[in-house]
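Open the model in a viewer that can select residues by number and colour by secondary structure. The stops below are meant to be followed in order.

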Amino acid sequence: MSSSLAGFRNLATKIVCVGRNYKDHALELGNAIPKKPMLFVKTVNSFIVEGEPIVAPPGCQNLHQEVELGVVIGKRASKITKSNAMDYIGGYTVALDMTARDFQDEAKKAGAPWFMAKSFDGSCPIGGFLEASAIPDPHDVELYCKINGKDQQRCRTNVMIFDIPTLLEYTTQFFTLEVGDVVLTGTPAGVTRINPGDVIEFGLTDKLESKFFVK
Ligand SMILES: O=C([O-])CC(=O)C(=O)O
Ligand SMILES: [Mg+2]
């Protein structure tokens with residue numbers, strides 16, 4: 001855990017997020033299963049760390065949590081292939097892709113971008129860092145999210161629609177990933193409305209755990 005990448009939040013230039021990468025989540029919101037990875041981006045201003053509160057953006061009436069496994073890039077990656085994609089991973093984290101669902105619904109209807117729904121300040125509460133060697137197989141870990149002590153999301157990563165090498169190959173055909181950038185690999189089912197006063201604990205079973213409060 002002594003890697004300099006533990007400070008990845010200060011190195012990151014962007015957070016690339018994958019949407020609808022778990023079938024049960026795509027279906028719970030009535031969306032189609034994607035045929036290719038669906039990407040969007042959060043700016044680095046969306047990061048918050050433990051001790052900072054989760055706050056809904058102005059006007060949002062339906063803030064949702066989405067727990068996601070984050071891949072932290074360890075080596076600049078441009079147009080890489082699946083075969084060596086894992087070599088570009090410096091480590092892993094777990095984050096919440098906080099989503100103003102009402103803003104997103106409005107954007108979907110208007111065919112407008114999701115920026116307001118996904119990248120407002122504080123929309124990416126982020127946990128600790130694990131070096132890549134601590135997770136030999138990132139497709140065999142359990143993601144979880146508890147709200148007020150009760151399980152809300154719990155899922156093994158082996159059911160991702162597009163695996164991590166596929167996501168990195170696809171992403172880097174279009175966007176260079178810099179050291180410290182985070183790729184959030186999508187959320188499983190169980191997203192729900194978050195309210196002031198809630199306590200959200202999330203992580204990777206037996207490996208990472210974070211706790212945030214909602215203001
Ligand atoms: O907002 C959504 O439902 C898409 C998304 O981020 C995810 O699937 O993780
Ligand atoms: Mg998400």
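## Stop 1: the ligand shell

Select ligand 1 and show the residues around it: Cys17, Gly19, Arg20, His25, Leu29, Glu66, Asp97, Thr99, Gln104, Gly186 and Thr187. A residue is near a molecule if its C-beta atom, placed from the backbone, lies within 6 Å of it. By class, this shell holds two nonpolar, six polar and three charged residues. Here Ala, Val, Leu, Ile, Met, Phe, Trp, Tyr, Cys and Pro count as nonpolar, Asp, Glu, Lys and Arg as charged, and the others, Gly among them, as polar.

The model is predicted, with local features needing pLDDT of at least 70 and side-chain atom pairs counting only at pLDDT 80 or more, while totals for chains, interfaces and linings use all residues. Residues are numbered from 1 along each chain as its sequence is written, and chains are lettered from A and ligands numbered from 1 in the order in which they are written.

## Stop 2: the whole chain

Zoom out and colour by secondary structure. The chain has five helices and 14 strands; helices (H or I, at least four residues) and strands (E, at least two) are DSSP runs, numbered from the N terminus. The radius of gyration is 16 Å, close to the 17 Å of the globule rule for 215 residues, so the chain is as compact as a globular protein of that length. That radius is taken over C-alpha atoms, and the rule is 2.2 Å times the number of residues to the power 0.38. The C-alpha trace spans about 45 × 35 × 30 Å along its principal axes.

## Stop 3: the six-stranded sheet

Select the strands of the open sheet in the order E2-E1-E12-E5-E6-E9, where the pairing is mixed. Strands E2 (38-42) and E9 (130-131) stand at the edges with a single partner strand each, so one side of each has no neighbour in the sheet. Two strands pair if DSSP finds at least two bridges between them.

Buried means 20 or more other C-beta atoms within 10 Å of the residue's own, exposed means 12 or fewer, and partly exposed lies in between, with C-beta atoms placed from the backbone. Ile15, Cys17 and Gly19 are on one side of E1, and Val16 and Val18 on the other.

E1 joins E2 through five antiparallel bridges, and Val16 has Val41 as its bridge partner in E2. With E12, E1 pairs in the parallel sense over three bridges; there Ile15 stands opposite Val182.

## Stop 4: the four-stranded sheet

Next, select E11-E10-E13-E14, the order of an open sheet with antiparallel pairing. E11 (150-156) and E14 (208-213) stand at its edges, each with a single partner strand. Six bridges join E10 (residues 142-147) to E11, and Ile147 is bridged to Lys150.

## Stop 5: Met116

Finish at Met116, in helix H4 (residues 115-118). Met116 counts as partly exposed because 16 C-beta neighbours lie inside 10 Å. Leaving out residues up to four places away in sequence, Met116 touches Ala100, Phe103 and Ala107; contact requires C-beta atoms, placed from the backbone, within 7 Å.

Notes. Two residues are in contact if their C-beta atoms, placed from the backbone, lie within 7 Å.
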